[in-house]
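Reader: Hi! Could you walk me through this structure? I'd like to start with the charged side chains.

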Amino acid sequence: MELNTSYDIEHSHSERRIQHELWPLDPIDPKKAKFPCCLVWNPLPVVSWLAPFIGHVGLCREDGVVLDFAGSNFVTVGDFAFGAVARYVQLDRRQCCFPANLSAHTCKHGYRHTEYGTAITWDDAVRSSMRYFENKTYNLFTCNCHSFVANCLNRLCYGGSMSWNMVSVGALILFKGHWVDFKSIVRSFLPFVVVVCIGVVMVGWPFLLGLLSFSLLLMGWFLVGTYLVKSILEC
């Protein structure tokens, strides 16, 4: 009983300390391309024209600047590849684990989190992932922008999880993302609608079957590589 009470007091003090250190963020400002602590998304040329649920993602620093893994050994800062942000999800820093030492973990993973690479602040995690991916070869199917975001979220142990991957990052932006404005919706779906219309006119309804098969194969690749044959998508 005393041990539980002591743990609750220590945990409460730890939470208050973390909240004290998390200074207020500036408001989201799409006009200035500032998205503090946000996961951001925009459509990919060609790929999103065929499968609009797939796009390019990045992660923002506390000052709102976007970082994204856009090519081999290259992480861009403040210049989001493929255009302006179309969707975003602001992440809660209070759901991160910022341990100053082994005894200060607020997550349940402890040593595993330490071995993976912990961070003491949000920006520290982003910088660590940036340095890591500056030595990685970009590949759309095995090591891409989603891998970069997942790596950073695992360093943060965001939401108490160290199992972030391409699929979970994509699902987060897909189901919880907010559109920046109506123009972003049009920009994301208009090319897909045009491709479908042209395909149906020129090829007929079999084109839709081919498009569906392409989408299913793409999803199947990432699902199998993420959950069944994990070594395929190790980055």
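Author: Happy to! The side chains of Arg 61 and Asp 63 meet in a salt bridge, 2.8 Å from N to O. A salt bridge here is a side-chain nitrogen of Lys or Arg within 4 Å of a carboxyl oxygen of Asp or Glu.

Reader: Before we go on, what kind of model is this?

Author: This is a predicted model, where local features need pLDDT of at least 70, side-chain atom pairs count only at pLDDT 80 or more, and totals for chains, interfaces and linings use all residues. Residues are numbered from 1 along each chain as its sequence is written, and side-chain values use heavy atoms, with hydrogens and water left out.

Reader: Thanks! How many salt bridges does the rule give?

Author: The count comes to three salt bridges. Another one joins the side chains of Glu 62 and Arg 93, at 2.9 Å from N to O. This pair links distant parts of the chain, 31 residues apart: Glu 62 is in the loop between β2 (55-60) and β3 (66-71), and Arg 93 is in the loop between β5 (87-90) and α3 (111-116). Those element names come from DSSP runs, helices being H or I with at least four residues and strands E with at least two, numbered from the N terminus.

Reader: Are Glu 62 and Arg 93 buried or exposed?

Author: Both Glu 62 and Arg 93 are buried. Buried means under 20% relative accessible area, exposed over 50%, and partly exposed in between (1.4 Å probe, protein chains only). Arg 61 is partly exposed because its relative accessible area is 25%, and Asp 63 is partly exposed too, at 37%.

Reader: And which side chains make the salt bridge at 3.2 Å?

Author: That is Arg 94 with Asp 92, 3.2 Å from N to O. Arg 94 has 57% relative accessibility, so it counts as exposed, while Asp 92 is partly exposed at 25%.

Reader: New topic: how many disulfides does the structure hold?

Author: One disulfide, meaning a pair of cysteine sulfur atoms within 2.5 Å. Cys 143 and Cys 235 form it, with their sulfur atoms 1.7 Å apart. These two cysteines are 92 residues apart and link distant parts of the chain: Cys 143 is in the loop between α4 (122-133) and α5 (145-156), and Cys 235 is in the segment after α8 (206-227). Cys 143 is buried, with a relative accessible area of 6%, whereas Cys 235 is partly exposed at 25%.
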